[in-house]
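Here are my notes for a first look at this entry. Please read them with the model open beside you.

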There are 2 protein chains.
Amino acid sequence: MEELYGIVGQMKAAPGKRAELVGYLLEGTQGMPGNLAYIIAEDLADPDGIWITEVWRSKADHAASLSLPSVQDAITKGRPLIAGFGTRVETRPLGMGEA
Amino acid sequence: MEELYGIVGQMKAAPGKRAELVGYLLEGTQGMPGNLAYIIAEDLADPDGIWITEVWRSKADHAASLSLPSVQDAITKGRPLIAGFGTRVETRPLGMGEA
């Protein structure tokens, strides 16, 4: 099996906007070809913090997803609600557990 | 549905020991009750870096997993190969994508 590709990223919502931002992210990231996991999680210690763990069948699948209409739509709606980005790591996922 | 519980954590393997450590982690984290995802991923920019994203049905399920024989075994085998820990965030996962 070809090597999987992944990302672990931290995003900071504008104050009070996390729920709305998460909503757009959830909406826009369903059914993306080659996506094996797209876990969106709120940081329990930071009211503005969002952590996203992505697993893709390949790096190319991830790149292609950025031009999907649903993803473009989520980016357009979400960008004004993003205050910044923190950790961003590219990874080679090796195990998914039950996922 | 009860709130999910999650963790995003960074682990540093001792130099040259990442593959062996990942092996123990993969072995010991299968079939854990209440686990919805246990993504083990190698950091592409850091030869010793491992990122783990966990999603659990509840915080209690996570706590209980720590006493599972398979997890205890992985901890025993893996601990000597761990050089340190970095980022560790507790999260509320809200979406899993395809996972």
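1. Start with the record. An unreviewed UniProt entry carries the annotation "domain: ABM", and this covers residues 5-90 of chain A. Keep in mind that the model is predicted. Over residues 5-90, chain A is 33% helix and 41% strand. The end C-alpha atoms of that stretch are 8 Å apart.

2. Next, the interface. How many residues of chain B are in contact with chain A? The count is 33 residues of chain B, against 33 residues of chain A. About 2,700 Å² is buried between chain B and chain A. Carbon and sulfur atoms give 63% of that area.

3. Polar links also cross the interface. Nine residue pairs are in polar contact between chain B and chain A, with both residues at pLDDT 80 or more. On the side of chain B that touches chain A, the elements giving two or more residues are strand 1 (5-13), helix 1 (18-28), strand 2 (35-43), strand 3 (49-56) and strand 4 (82-95) of chain B. Strand 2 of chain B gives the largest share, nine residues. Sorted by class, this side of chain B has 19 nonpolar, eight polar and six charged residues.

4. Side chains of opposite charge can pair when their charged atoms come close. The whole structure has 16 salt bridges over all chains. One of them joins the side chains of B:Arg92 and A:Glu42, at 2.3 Å from N to O. This pair crosses between chains, from strand 4 of chain B to strand 2 of chain A.

5. Which residue forms a salt bridge with B:Glu42? A:Arg92 does, with the closest N and O atoms 2.3 Å apart. Between chain B and chain A the count is two salt bridges.

Technical notes
Residues numbered from 1 in each chain as written. Chains lettered and ligands numbered in written order. Predicted model: local features only at pLDDT ≥ 70, side-chain atom pairs only at ≥ 80, totals over all residues. Heavy atoms only, no water. Contact = heavy atoms within 4.5 Å. Buried area = accessible area lost by both parts, 1.4 Å probe. Salt bridge = Lys/Arg side-chain N within 4 Å of Asp/Glu carboxyl O. Polar contact = N/O pair within 3.5 Å; in protein donor to acceptor, adjacent residues only side chain to side chain. Helix = DSSP H or I, 4+ residues; strand = E, 2+ residues; numbered from the N terminus. Nonpolar A, V, L, I, M, F, W, Y, C, P; charged D, E, K, R; others polar. UniProt positions renumbered as here; feature names shortened; annotations may be inferred.
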